[in-house]
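Hi,

Here is the structure I said I would pass on. Have a look at it first, and then read my notes below.

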Amino acid sequence: MQESGLRAENDLDGGRQILKGKRSALFLSVCMLPLVMVATRQADAASHRSMATQGAGSRHAAQGNSSARAADGIIEDIRVSGNTRIETSTILSYMVVRPGDPFSQDDLDRSLKTLYATGLFSDVTLRREGNDLLVRVKENPVVNRIVFEGNHAAKDEDLNKVLTLKPRAVFSAETTADDRQRILQVYAQKARFSAVVTPQIVRLAHNRVDVVFKINEGPQTMIRKVAFVGNRAFSESQLAGVVSSKETAWYHFLGSSDEYNPDRVKYDAELLRRFYLRNGYVDFQVKDIKGELSSDRKSFYVTFTIDEGVRYRLGRVDIRSSLRHVPAESMRKHVELFAHQWYDGKAVQDNATDMEEFLQSEGHPFAQVHPEIARNPEKRIINLLFDISEGPRRYIERIDINGNTITQDHVVRAQLPFAEGDPYSASYKKYAKQSVQNLGFFKSSDIKDTPGSAPDRVNVAVDVVEKPTGEFSLGGGYSTDVGVIGNVGLKQHNLLGSGVDAGISGTVSMWQKQADISITDPAFMGRNLVAGADIFFIENNYQTYQNYSEGRYGITLRMGYSYNRYLSQSWNYSLIRRWVNDAWSEASWYILDQQSPSLLSQLSTTVMYDRRDNRMMPHRGYFVSVGGDFAGIGGDEDYVRGKVNGAYYIPLDDLTNSHDWTFSLRGGAGWMADWGNGRRDVIDNFYLGGNNLRGFLDGGAGPRSVGSRTGHSSEDLLGGRFMYNASAQLNFPLPYVSSMGLGGRVFVDMGSVAGVRVKTLYTDPATAGSRYTAISGDTVMPRVSAGAGVSWKSPFGLLNIDLGVPIRRSHNDRTQLLRFGFGQQF
């Protein structure tokens, strides 16, 4: 009832305003009518007198004009009433007429319209009283607050951002109507095209109002059908996999790809253009895009009308160089394209970028590589020319860091690949933005350049927007390695704006406990140097597949630096106290011999060359790492250990017409040797199985003790001093569910561990006596497995499931058919 009363009052007030506006205009017309009639009669009389007294001169004419003005009347004063907040002088400044002006109907009308146009008044009345003009106004109310009712899909703060009307501002019906449309646009972006927004006014004391937007959001408007017109080379299902807009289906409940969004549909047109360009259709065009709303306003029909054009193959690939000391033939080995392949616009641009970056790294900082194409529609080929030239010479005059309210300037400067006085090129700009964004301290970053004090000088501005860098996390999950997991952590990734990463965390699971305190400075002493330290405690209960528990605590000091964008090296020194305990009586003598604590003092280094396009989800490129460990700077262990690992990623875009297919080859090897009289603990050996050999239990492939009949009947995994492994894997999208973050893979793994390394060898019955323990599985014969897996980037965390089937194994190797892990911080 109250809402109905408010709505009725609003309607009545609106009607009053209209009637008052009309009444004011009518009143002015009636008041001015006698003045107009008098002025007309006076003008006629003056005309007759002028005709009767021809030659009277200019004095008589002047007297006639003065008499006419006197008859119209002169405004002697303007009096304003009804205003409480707005100054009288302000109101008078808006009016066209002034004291001393005649009472002109046109000027009065213009003054009335001007006062209404200010938006400050709901009603204005102009009335003549003698020679005074009376102006009566009714001020528009002031907005007390703005309230949203019924909104769930859009938050109050999101709706407030689009409103023009603000609290403590003057209320305007026109502004309120415009804001209603803006709110509807917000809901249109959320695929709610049937939303209804009704503004209501609640009047308060002291000429104040509350503005209430009552919202009926309605159901989401889903995409019923995505259709393509004009496609011949690719089927509708293939093109549907290219665009991000999807037809509504039950399995899209965790995403928004089946919600109609005009901006997403425009982006889909660009995705189609890129797709066809990658596949040789240089003349491709999107002729039209239609999003038709169904009659029930519950679904959309999206239609793309396209013109594919003809498909081109690559003809000649030439190089032209005007760069000094760079002959064209010397760059031919850097051309990654070949004649007769289907033309791929992205591959051409990537190749040009790679050549440009190579030249800049080789001492040609201003080198530019422009691909030029020449179509031959009759033969359907494109001839390609890489034009190598020297671009304009520009040097950095000044670097400005803007927007960093917390992060110190030197933290950002340390990430830039240039400094004042260095050459400046477009590729440097791209990598500078990427490096600054990779810090993780900013919501966004941008690199802008402006002309300097001379034509060859440029000023570089790094614009950033800070974001919170503190993190309190609670986590949970499950893994076949450690069982049910729970963790808690407190981190600050940008301590006091210095760029220092510090944190403390703890993890508790069924078979593992871990605590860690770490600190890392990515620009130690303002140099290209990463330094850090870790203090940790770890306790592993291996008794689900081993006959002992193992724990350790200690400290690790870390340091690393980069030679360039691709080559880096790291060092660390670890001092760790370790122990093996809770050994079962059935454990072998190799385990029982190591139950006393030991101290490890180890120095390690790793050199890595990384050319992957993405370190988290690589699609193309490769990396190679070589590392070594040296134990024996004090402590109880004396060994040296070397490791090498690498991977190569091959995109299958040309074969699959998709960016989601990748074939990868990975491999590694390690070897260790003892150089002194160290303990030779088995916990330092190489182990194979689990992540590095799917289908086998962690450490399940390799040397192990054979249970004896003298009470030590259990087998123990002992690892070895030599290991190698390799893997071939194909990653691919899963049909219909790839938009939900699901991806599949098939793989073949192989590897082996050999070379028994224990404190005392009990394989000779003559010397071992009752401690005799045979060892099996000590062979370099490869173990082989094959299988398939699924990854899901779910809203609750990353879920990995791998099913591996051993194809070739040694006797008594421990296998694991299914392996999965799941977890997420929240």
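The side chain of D268 makes a polar contact with the side chain of S244, at 2.6 Å. (A polar contact is a pair of N or O atoms within 3.5 Å; within protein, one must be able to donate a hydrogen and the other to accept it, and residues adjacent in sequence count only if both atoms are side-chain atoms.) Keep in mind that this is a predicted model, where local features need pLDDT of at least 70, side-chain atom pairs count only at pLDDT 80 or more, and totals for chains, interfaces and linings use all residues. Residues are numbered from 1 along each chain as its sequence is written, and side-chain values use heavy atoms, with hydrogens and water left out.

Back to D268, which sits in helix α8, residues 262–278. (Helices are DSSP runs of H or I with at least four residues, strands are runs of E with at least two, and both are numbered from the N terminus.) D268 is buried, meaning under 20% relative accessible area with a 1.4 Å probe, protein chains only. Leaving out residues up to four places away in sequence, D268 touches V243, S244, S245 and F304; contact here is heavy atoms within 4.5 Å.

Next, a sheet. Three strands form an open one in the order β10-β12-β11, with mixed pairing; two strands pair if DSSP finds at least two bridges between them. β10 (313–321) and β11 (367–376) are at the edges with a single partner strand each, so one side of each has no neighbour in the sheet. From one strand to the next the twist averages 20°. Seven bridges link β10 and β12 (residues 381–390) in the parallel sense, and R320 has D387 in β12 as its bridge partner. Helix α9 (residues 345–361) lies across β10, β11 and β12, at about 155° to β11. (Axes are lines fitted to C-alpha atoms, for helices over the stretch in contact, and angles run from 0 to 180 degrees between N-to-C directions.)

Then there is β1, residues 77–81, with I78 and V80 on its covered face and D77, R79 and S81 on the uncovered one. β1 runs parallel to β3 (residues 132–139), joined by five bridges, and S81 has R136 as its bridge partner there.

As for the whole protein chain, it has 14 helices and 33 strands, and 39% of its 826 residues count as buried.

Cheers

Definitions and conventions. Buried means under 20% relative accessible area, exposed over 50%, partly exposed in between (1.4 Å probe, protein chains only). Lys and Arg count as positive and Asp and Glu as negative; His and the chain ends are not counted. A salt bridge is a side-chain nitrogen of Lys or Arg within 4 Å of a carboxyl oxygen of Asp or Glu.
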